[in-house]
Amino acid sequence: MADITIRGAGIFGLSIAWACIRRGARVTVIDPKGPGAGSSGGVVGALAPHVPENWNAKKAFQLESLLMAGPFWSDVEETSGMSSGYARSGRLQPIPDTKGLDLAWQRAISSTALWGKHATWSVDQMDGAAWAPPSPTGWVIRDTLSAHLHPRSACDTLVAALSAKGVTIQSDGPDTGAVIWATGIAGLDALNRQHHRMVGNGVKGQAALLRFDAGVAPQIFADGVHIIPHSNGTVAVGSTSERDFEDPNTTDARLDAVIDRARAAVPVLKDAEVIHRWAGVRPRARSRAPMLGDWPDRPGHFIANGGFKIGFGMAPKIAEVMADLVLEGRNQIPDGFEVRASF
């Protein structure tokens, strides 16, 4: 009999399974649609920090998780023999005007106190490199905390690592032991039907893959678009945030606009071929933070949901705190992340 049943094989479910297995638990993972079938099967994979100011528990939690990501993915890759596409290669952001430049300098100062020696946020002059966004001021923000991975590859790598430990993803099965519900948008929809107010909702995103080999290069965030150079010779660009939509899985002119903005931000992408268009719905909790912890009125059941745009970046830390809670009874979840914050 399993000690833990995890329902949902997206990034939260797979990462929590990995943390529990490493602590000696017996784990069953169940997902009728298979691993990475929802928003975790996207293409962008930006692991980018919040700005270093107005510090709070959410930003501190994210910082810890981003710093954990290197060892986390190294361990998964060593066990699986596969690559997640993880690379901590930093990020560039153009600075559009004098006001933005002043703010960037202020954040450079605050990053020293908030990030310590773990990473830097600097304001640099443009160096004329081809892989760089045009900047009206001639200055860019460069941070060394940002990383990226390929979401589908990351999920596949976790699946392979779990398989090496004797865990396969099942399409169905009974609940045995403690049950962790990491069921994404389907889980939020079910919770909404059970409560008098919205617990969370889905936000559609559209993204694309371009054929372009940028080598080992920083990701770029410009004009609201993430531009991610993957190690497989592609560049991911995205994404939209759509609260209202008819079809969750189709792409349209809104993605065309994202691609155009990405090409304007990085001119060397001007003629890069679009080889894949993706759309999916990401789960956002009402609190806008991940929703973690005990399921009220359901003893032995737990919720891990609401990854929205930061699920992959938060996953290493979320996996550990959920394992702490379920296996050891230690609650290390920030107040704003507790399930009650969205109920």
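Predicted model: local features only at pLDDT ≥ 70, side-chain atom pairs only at ≥ 80, totals over all residues.
Contact, in this talk, means heavy atoms within 4.5 Å. Residues are numbered from 1 along each chain as its sequence is written, and side-chain values use heavy atoms, with hydrogens and water left out.

I start with Ala160. Apart from residues up to four places away in sequence, Ala160 touches Ser80 and Met82. Ala160 sits in helix α4, residues 151-164. Helices here are DSSP runs of H or I with at least four residues, strands are runs of E with at least two, and both are numbered from the N terminus. Between the C-alpha atoms of Ala160 and Val76 there are 8.6 Å, although 84 residues separate the two along the chain.

Two packed helices are described by the angle between their axes and the distance between the axes. For α1 (residues 11-22) and α2 (residues 57-80), the axes come within 12 Å and cross at roughly 80°. An axis is a line fitted to C-alpha atoms, for helices over the stretch in contact, and the angle runs from 0 to 180 degrees between N-to-C directions. The two helices are therefore roughly perpendicular, a term that covers 65 to 115 degrees.

Next, two histidines. His230 is in the loop between β12 (225-229) and β13 (234-238). Is His230 buried or exposed? It is buried, at 3% relative accessibility; buried means under 20% relative accessible area, with a 1.4 Å probe and protein chains only. Its side chain reaches the backbone oxygen of Val43 at 2.9 Å and that of Val44 at 3.3 Å. Leaving aside neighbours within four places in sequence, the contacts of His230 include His148, Leu149 and His150.

His301 is in strand β16, residues 301-305. His301 is also buried, with a relative accessible area of 15%. A polar contact (a pair of N or O atoms within 3.5 Å, one able to donate a hydrogen and the other to accept it) joins the side chains of His301 and Trp181 at 2.9 Å.

Definitions and conventions:
Parallel < 35°, antiparallel > 145°, perpendicular 65-115°, else oblique. Buried < 20%, exposed > 50% of the residue type's maximum accessible area, 1.4 Å probe, protein only.
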